[in-house]
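Trainee: I am new to this one. Could you show me how to read a few of its features?

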4 protein chains.
Amino acid sequence: MFKNKKSSKLFFVAETKLTNDKMEALRHCKYLCYLKYYLKPQLSYQIYSCFPDNLKLQPEIFMTPLLTADYNGYQATFQEAMKLTIIIGQFFGLNPVTGVSEIDTTKLRFQIQSCRFVYSLLSIIGQCTVVYFCLLELFTDSNPNLSSNSALVFYVTNCITTILFLRVATRWPRLCQLISKTEASDPSIDRTLIKKCRVTSVLVLTMALLEHLLSDLSSIAGIIDCQKGENVYEAFVVAGSPWIFQYTGYSPYVAIFTQIIGIQFTFNWNFSDVFVICISFYLTSRLEQVNRRIESVFGKHTPSSFWRTLREDYSRITGLVRQVDDVIGSIIFISFANNLFFICLQLLHTLAEGIRRNPSCRLGEPDERPFQGYEQTIYFVYSFGFLITRSLAVSLIASRVHTASREPAHTLYFVPSTAYSVEVQRFLDQIHGDTIALSGLKFFDVKRGLILTIAGTIVTYELVLMQFTGVSPTPSPSTITIPIFINSSYSKV
Amino acid sequence: MFKNKKSSKLFFVAETKLTNDKMEALRHCKYLCYLKYYLKPQLSYQIYSCFPDNLKLQPEIFMTPLLTADYNGYQATFQEAMKLTIIIGQFFGLNPVTGVSEIDTTKLRFQIQSCRFVYSLLSIIGQCTVVYFCLLELFTDSNPNLSSNSALVFYVTNCITTILFLRVATRWPRLCQLISKTEASDPSIDRTLIKKCRVTSVLVLTMALLEHLLSDLSSIAGIIDCQKGENVYEAFVVAGSPWIFQYTGYSPYVAIFTQIIGIQFTFNWNFSDVFVICISFYLTSRLEQVNRRIESVFGKHTPSSFWRTLREDYSRITGLVRQVDDVIGSIIFISFANNLFFICLQLLHTLAEGIRRNPSCRLGEPDERPFQGYEQTIYFVYSFGFLITRSLAVSLIASRVHTASREPAHTLYFVPSTAYSVEVQRFLDQIHGDTIALSGLKFFDVKRGLILTIAGTIVTYELVLMQFTGVSPTPSPSTITIPIFINSSYSKV
Amino acid sequence: MFKNKKSSKLFFVAETKLTNDKMEALRHCKYLCYLKYYLKPQLSYQIYSCFPDNLKLQPEIFMTPLLTADYNGYQATFQEAMKLTIIIGQFFGLNPVTGVSEIDTTKLRFQIQSCRFVYSLLSIIGQCTVVYFCLLELFTDSNPNLSSNSALVFYVTNCITTILFLRVATRWPRLCQLISKTEASDPSIDRTLIKKCRVTSVLVLTMALLEHLLSDLSSIAGIIDCQKGENVYEAFVVAGSPWIFQYTGYSPYVAIFTQIIGIQFTFNWNFSDVFVICISFYLTSRLEQVNRRIESVFGKHTPSSFWRTLREDYSRITGLVRQVDDVIGSIIFISFANNLFFICLQLLHTLAEGIRRNPSCRLGEPDERPFQGYEQTIYFVYSFGFLITRSLAVSLIASRVHTASREPAHTLYFVPSTAYSVEVQRFLDQIHGDTIALSGLKFFDVKRGLILTIAGTIVTYELVLMQFTGVSPTPSPSTITIPIFINSSYSKV
Amino acid sequence: MFKNKKSSKLFFVAETKLTNDKMEALRHCKYLCYLKYYLKPQLSYQIYSCFPDNLKLQPEIFMTPLLTADYNGYQATFQEAMKLTIIIGQFFGLNPVTGVSEIDTTKLRFQIQSCRFVYSLLSIIGQCTVVYFCLLELFTDSNPNLSSNSALVFYVTNCITTILFLRVATRWPRLCQLISKTEASDPSIDRTLIKKCRVTSVLVLTMALLEHLLSDLSSIAGIIDCQKGENVYEAFVVAGSPWIFQYTGYSPYVAIFTQIIGIQFTFNWNFSDVFVICISFYLTSRLEQVNRRIESVFGKHTPSSFWRTLREDYSRITGLVRQVDDVIGSIIFISFANNLFFICLQLLHTLAEGIRRNPSCRLGEPDERPFQGYEQTIYFVYSFGFLITRSLAVSLIASRVHTASREPAHTLYFVPSTAYSVEVQRFLDQIHGDTIALSGLKFFDVKRGLILTIAGTIVTYELVLMQFTGVSPTPSPSTITIPIFINSSYSKV
């Protein structure tokens with residue numbers, strides 16, 4: 001031990017430094033140190049030689065290609081990753097914070113005097129008005145049916161979504177600054193992250209636009225076919241929100257108003273999914289970065305201080321997941337609830353209606369509809385497929401946060417006995433004992449198993465709902481017999 | 001180490017003291033010590049300087065504003081917090097212990113010779129009588145229907161509630177004394193606790209009163225409308241409990257008796273919820289107090305003895321949760337079962353009946369009813385909304401005990417490596433391994449996830465129950481087609 | 001340390017002894033030691049004084065009234081506790097081992113040449129014959145109904161039960177010897193255990209006999225009423241197993257045969273529950289004994305070796321639970337499956353039939369039936385109540401094994417820091433990490449929560465099953481309105 | 001310590017060796033060492049005598065019969081165990097890797113230029129063609145029924161299975177090489193493993209062939225009976241896949257094509273189950289081997305290094321389970337989903353149709369069918385029984401991987417206190433914290449409890465599905481009364 005006297009002191013200094021509160025300064029220094037190791041590996045010997053002699057040190061662990069190749073000052077900040085998504089959202093009155101295009105997160109503000117806030121507020125008032133008329137319809141209608149009820153659910157949940165995003169906005173600047181601080185001490189070096197977020201935003205919202213257009217097309221095709229001679233635009237607008245026009249009468253201003261609010265509703269529904277996906281991408285990327293660092297020392301000897309640093313890195317990210325979950329939990333909850341409800345509804349509709357041509361109103365006359373009556377079918381198939389895909393994507397991508405948080409354990413099991421220390425044990429205890437996952441207001445954790453639970457719930461509800469509507473997946477027993485008898489080679493299934 | 005010889009001794013004394021059994025005396029002393037630290041921070045150096053030198057001590061951790069600002073001799077005792085709730089309960093024959101207004105918990109007694117016990121006993125006998133007549137009706141009625149069955153369930157569960165509260169009363173004094181002892185060593189300094197408990201009691205019970213009045217109004221309105229010329233009061237009373245009067249005939253004494261018992265039943269149902277809420281408030285407040293202490297040292301260096309004290313504080317509160325759960329578990333169970341049953345029932349009723357005007361018995365004549373036939377609808381909507389709100393409140397507030405018990409872990413993960421000790425590890429092991437929550441007789445733990453499970457159960461049962469009554473949430477497929485076709489822009493949902 | 005030189009040696013000897021393999025001898029010695037402590041407390045000082053000086057030793061922990069009062073050479077052996085139950089079972093051909101009345105477990109044998117085995121084998125053959133005829137009926141009957149199906153399920157499961165008990169018998173002697181070995185080193189001192197087991201056996205089986213008699217009475221009353229003039233006994237026997245007599249024709253030998261097999265079937269069903277209850281009683285009692293020892297040192301200072309001894313005691317019992325579960329898991333599985341199936345069936349029957357008088361076959365003539373047509377109703381109500389009670393009892397009592405296995409944790413959290421050692425940590429790790437419970441072939445663990453899951457399953461299945469039979473718990477919506485309107489004060493529920 | 005100077009060095013060398021990276025070389029050496037111990041037990045003293053003196057060493061633990069008897073150079077490699085299964089699979093276009101018969105795993109290749117790959121590709125194209133025609137039928141058919149839908153599900157899932165096996169093939173060589181490397185350091189000595197895998201493959205696939213033949217027989221019998229005079233073969237082929245022939249018309253080439261694809265479909269369904277079973281056998285066998293080593297030291301004193309070796313052995317196998325699960329997770333998922341779907345379907349069919357003779361088309365004429373109309377019944381009963389058995393077998397065998405991974409804990413609880421070390425603790429932490437199991441794409445873990453969950457799901461779905469088809473398990477209430485009244489002695493159930 002005596003021959004290492006000098007390095008021992010050096011180590012002591014490092015230890016002392018790590019124990020004081022000014023972490024951030026040290027963090028920056030730490031990454032410089034990493035770089036230094038790559039350039040001057042002889043230094044690492046001095047630092048770690050203060051460990052017991054029978055520990056075979058492997059300074060090359062700090063020179064894994066991962067760290068050297070990727071770290072060239074490039075940083076993928078949260079601000080940058082979310083920029084496009086947030087800006088698109090603000091066009092529709094969601095998350096009205098100022099300063100989202102700035103690199104400096106301290107310039108983020110939630111200001112009541114800003115245009116964005118006023119626009120958001122107007123959007124909420126407009127949406128509430130539509131909800132109000134829809135509720136009025138429900139109370140006064142002598143014969144409410146599923147269609148108006150599901151429209152009401154659609155309007156109410158999306159109106160709530162807008163309000164929830166307003167609430168998120170009040171906490172958004174603080175969250176971004178916290179994330180920014182974390183990034184300062186441990187920058188994200190994932191080069192694909194920003195691209196992934198942007199592509200997802202554009203892709204999902206473009207598909208949502210297509211869905212909206214198909215819906216309008218389907219509606220217009222029906223009107224052209226059945227109400228020839230009328231003002232198509234007026235008929236189309238009135239058909240979209242009959243409960244409002246029966247109170248106000250037709251007016252072009254009301255028509256524009258209902259169209260704008262209608263687009264906002266459709267957008268909100270999709271945007272909350274996009275928002276959750278992008279944030280999940282970021283969090284997963286951060287966890288994966290720590291995981292890759294951990295995996296790079298799989299089965300190798302590493303000093304206790306190395307594990308301490310990694311554990312602290314890990315804890316910082318998991319702490320971040322909790323903070324983020326606190327802020328966006330309500331968005332996740334409403335997004336999942338919304339998707340569950342509309343999958344049940346559309347599945348029921350698909351099973352009840354099947355895939356068939358819509359009969360024309362004008363028998364005997366030539367059909368003027370662009371797809372000869374298949375407009376609605378195309379719309380429904382596309383809409384249902386898109387809904388299923390989007391819901392699955394949100395669930396799978398959000399659940400990867402949980403999966404990634406469990407990954408380090410599998411490397412920690414293989415830490416050699418001589419390198420095993422209280423730090424490794426503490427790391428493992430944390431992974432085993434804590435549950436890191438995005439959650440819906442803590443009511444459910446978004447894990448992979450959740451998807452199966454939701455799927456089972458959908459099947460159960462669907463089977464029961466089908467009984468109400470008289471939709472039967474099977475013919476009666478007597479009619480089963482014949483096809484099975486004749487085609488018994490495929491009826492073996 | 002030699003220069004700290006004196007303080008080392010001092011520390012040793014402290015250690016020795018902590019290990020003997022006379023904890024309470026020490027506890028009081030501990031809080032005095034806390035105060036002393038704030039006045040004479042130089043003392044803390046002496047005490048903690050016996051720790052290894054490389055530990056950077058931060059005496060300021062004991063001077064967090066939380067502890068200095070709040071601790072001015074103010075104490076929020078359990079006795080004080082529950083006083084109003086218990087006294088109101090005793091007016092309805094629940095929890096008949098004497099001495100609930102005393103500050104000294106040792107004066108709490110469960111006495112068989114007390115008026116309160118006699119009153120409780122009479123209440124139970126009265127309630128059992130009503131249950132007996134209701135059962136008789138069930139057995140002899142040739143055509144039992146859901147109404148009489150659900151009334152029976154209502155009567156039986158509330159009668160059981162009264163009996164369970166009698167059982168709680170026998171264990172209440174001991175529980176209060178235990179809690180009082182805990183408070184002596186670690187007083188609660190939550191200034192909002194008592195207010196929260198009182199406001200909740202008054203609010204919920206006032207709303208319950210309003211519900212009762214609406215119910216009576218709805219009943220009287222019907223009688224005035226349909227049975228003009230009769231004695232309204234007599235008709236109202238008989239309509240309330242026909243099964244009794246068909247055996248006894250009308251008598252003003254029986255009428256008063258049924259009215260009193262009826263009020264008791266309604267009250268019991270609400271009171272068990274209030275009772276669970278108040279106790280949850282108290283337990284959460286205690287856990288939060290420990291949590292705030294723990295959070296105040298987030299990421300800071302603290303000696304092992306500090307963590308030991310906190311762990312002991314934490315264990316004491318979690319031990320308390322177990323004791324309380326042992327006593328009130330049956331109340332929680334019946335409260336949750338009751339709420340689940342009546343949510344299913346009222347939801348079914350609401351879906352079957354919808355929101356509509358009750359037709360008048362006297363066609364052609366002017367309607368004398370105060371709300372023109374909407375009395376019952378108003379009552380049902382209010383009652384159902386109140387029931388849902390109350391059930392959600394109980395679940396959410398009771399589940400916060402569990403949430404609060406998990407909080408400390410997130411600070412413990414950030415304890416610096418140099419301050420990590422066996423105490424911290426033990427604390428974490430306890431949080432990870434133990435489940436601290438109120439429970440329904442240990443059959444279910446009241447956690448946030450439970451609410452979702454209950455909601456799912458309600459939806460499933462409701463869907464199946466609706467098939468019996470022929471209530472359909474959807475029109476038949478053929479009638480779906482048209483509105484969707486015409487209004488396809490909202491049917492996109 | 002030097003002044004304790006002698007006792008240090010003494011301690012070393014104890015440690016060495018504990019580490020060698022001859023545990024049993026030591027165990028006996030250990031209990032003698034315990035007794036010695038009570039007589040000569042000065043000795044304990046010598047033994048424990050080899051611990052660090054700052055540990056305040058409390059020799060009085062070994063003098064808790066529990067241990068001194070109860071341990072007077074009295075032992076409640078497993079053999080003794082199960083004796084009556086096993087013997088009763090053997091009268092019906094179950095668990096055919098010889099030597100169950102012996103105190104010495106080494107005399108237990110599973111012998112193929114014994115009368116008991118031959119009787120068991122004959123019973124199985126007889127039962128299989130009945131099952132065969134019943135299956136034949138199912139295949140050839142053009143119109144199978146629920147009654148014959150449920151009879152088949154009843155016969156098949158009880159026949160399997162008999163076979164499973166034969167399999168248990170082959171492993172019973174080894175299990176008893178293992179338990180006996182455990183008892184030799186740590187005798188059970190629970191004085192109520194044997195009584196509890198015997199009372200349960202007698203009580204449950206007497207109630208089962210009463211159920212059988214009520215069933216026969218109900219059947220005979222119907223025959224007397226409707227088939228006057230016929231041979232009542234013959235008609236009764238034929239009605240009991242029509243599928244056999246339609247092949248064999250009536251014969252007194254076949255009648256006796258079917259009656260004996262019928263009694264065996266009824267008995268088997270009840271016996272498997274009794275068997276599980278008795279074993280659960282024993283295991284819970286063993287765990288509670290360890291728990292009481294642990295609780296007796298709540299918050300006190302105890303040497304590490306004390307915790308080691310307790311942990312070893314605990315591990316031994318939990319190991320026993322696993323061994324027992326291995327042997328009787330199949331019995332638990334079939335018992336729970338059986339109870340679940342018949343609760344669903346009987347509940348359906350009760351809801352469909354209600355509680356009403358059975359109309360007489362002889363209109364106009366005086367009714368000769370003992371209960372004027374209520375025989376069957378009485379039988380069904382009694383049978384259903386008994387079934388629910390028994391099922392609940394099995395579940396609750398078996399789940400107490402799991403509850404008892406978790407108890408020690410709550411004392412271990414309060415072990416003072418100075419007494420905390422690797423032994424305590426290991427003990428806690430084991431409690432947190434392991435799940436000790438009886439299980440149904442490892443498919444489900446018998447915990448308290450299971451009961452709620454089963455109850456939920458029953459409600460779901462029942463609601464769906466009721467739709468098949470057209471049984472409705474609610475009148476149609478139109479008929480709901482009136483009673484609620486008139487009786488709105490109770491319809492508030 | 002000084003007297004053991006020499007052995008101490010020896011031990012040090014061993015420690016150093018264990019800490020370097022060249023594990024494989026050491027592993028081989030380790031087994032040689034084991035053998036050496038058996039021959040020269042005096043050596044073991046030297047090696048372990050460097051431990052503290054109060055540790056009673058038991059060198060005989062290394063001489064358990066298990067290790068000496070079984071290890072004679074015999075090795076059961078994964079390559080060998082899977083050989084037959086993989087080769088059979090390749091006959092049907094699954095898992096097209098070359099070099100499966102080689103002993104050397106490095107010769108395994110996934111080559112696009114190989115015949116096997118081309119054959120697989122052709123199979124997939126063929127299968128997709130059939131799926132395409134089947135989908136076409138669904139879209140154009142005016143009256144789609146359950147039969148064509150279930151055939152579609154059957155075709156689609158089995159087509160996906162083929163594609164998934166192609167994906168497995170791309171990762172198969174790397175997986176085998178990894179397993180081979182693990183086997184090099186710790187060879188499998190399970191002599192029954194290879195036999196078990198082969199017998200299972202042959203047995204299951206033979207039974208599948210029988211099912212296919214019965215299906216064809218049932219189909220042909222119907223054709224002979226009803227379509228006398230026609231070309232039986234042509235009618236049979238057309239009946240098997242009517243949707244193709246209605247587009248192509250009958251052609252012998254298309255007939256052969258549909259027959260081959262049909263056989264491939266049937267085979268795929270069974271093969272994925274066989275594949276999962278064989279891999280589960282291998283993984284369980286590896287875990288059991290470690291478990292037996294651990295159990296051989298139950299309650300004995302073993303040095304810390306012994307536990308380290310075992311923990312490393314265990315971690316290596318559990319790491320293997322994760323790797324294997326990564327590769328075959330999709331196969332497990334589709335196998336379980338497939339089995340669940342078809343159990344529901346066949347159960348529904350069985351309940352709807354019952355077990356009865358199929359009426360002949362030719363009334364009055366002699367019946368020429370081989371089983372007089374019972375062909376289809378025999379086929380359905382056999383098929384359903386086989387499906388249930390196979391599904392249960394897959395679930396039970398795959399869940400044994402999880403069960404086996406939990407086993408070591410029960411020995412670790414009994415490690416004597418003196419032998420307890422950080423290695424044992426780490427081992428236990430790993431077992432308690434990690435979940436080792438095969439999984440369906442991580443959506444569900446294959447544990448024993450899963451089987452009950454699936455069973456419950458099947459019952460629920462079945463009950464609801466039965467309502468659609470009008471299949472009733474119970475007669476109406478009025479018809480229940482009579483048989484129960486008359487036969488009340490068996491209706492007691």
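**Contacts, packing and cysteines**

Mentor: Leaving aside neighbours within four places in sequence, B:Leu452 is in contact (heavy atoms within 4.5 Å) with A:Phe333, A:Phe443 and A:Phe444. This is a predicted model, where local features need pLDDT of at least 70 and side-chain atom pairs pLDDT 80 or more, while totals for chains, interfaces and linings use all residues. Residues are numbered from 1 along each chain as written, chains are lettered from A and ligands numbered from 1 in written order, and side-chain values use heavy atoms, without hydrogens or water.

Trainee: Is B:Leu452 buried, partly exposed or exposed?

Mentor: Buried means under 20% relative accessible area, exposed over 50%, and partly exposed in between (1.4 Å probe, protein chains only). B:Leu452 is partly exposed, at 33%.

Trainee: At what angle do α11 and α13 of chain C pack?

Mentor: Axes are lines fitted to C-alpha atoms, for helices over the stretch in contact, and angles run from 0 to 180 degrees between N-to-C directions. Helix α11 (residues 252-295) and helix α13 (residues 375-406) of chain C pack at about 25°, their axes 8 Å apart. That makes α11(C) roughly parallel to α13(C) (angles under 35 degrees count as such).

Trainee: How many disulfides are there over all chains?

Mentor: A disulfide is a pair of cysteine sulfur atoms within 2.5 Å. The count over all chains is 0. For C:Cys159, the nearest cysteine sulfur, that of C:Cys128, is 3.6 Å away. C:Cys159 is buried, at 5% relative accessibility.

Technical notes. Helix = DSSP H or I, 4+ residues; strand = E, 2+ residues; numbered from the N terminus. Parallel < 35°, antiparallel > 145°, perpendicular 65-115°, else oblique.
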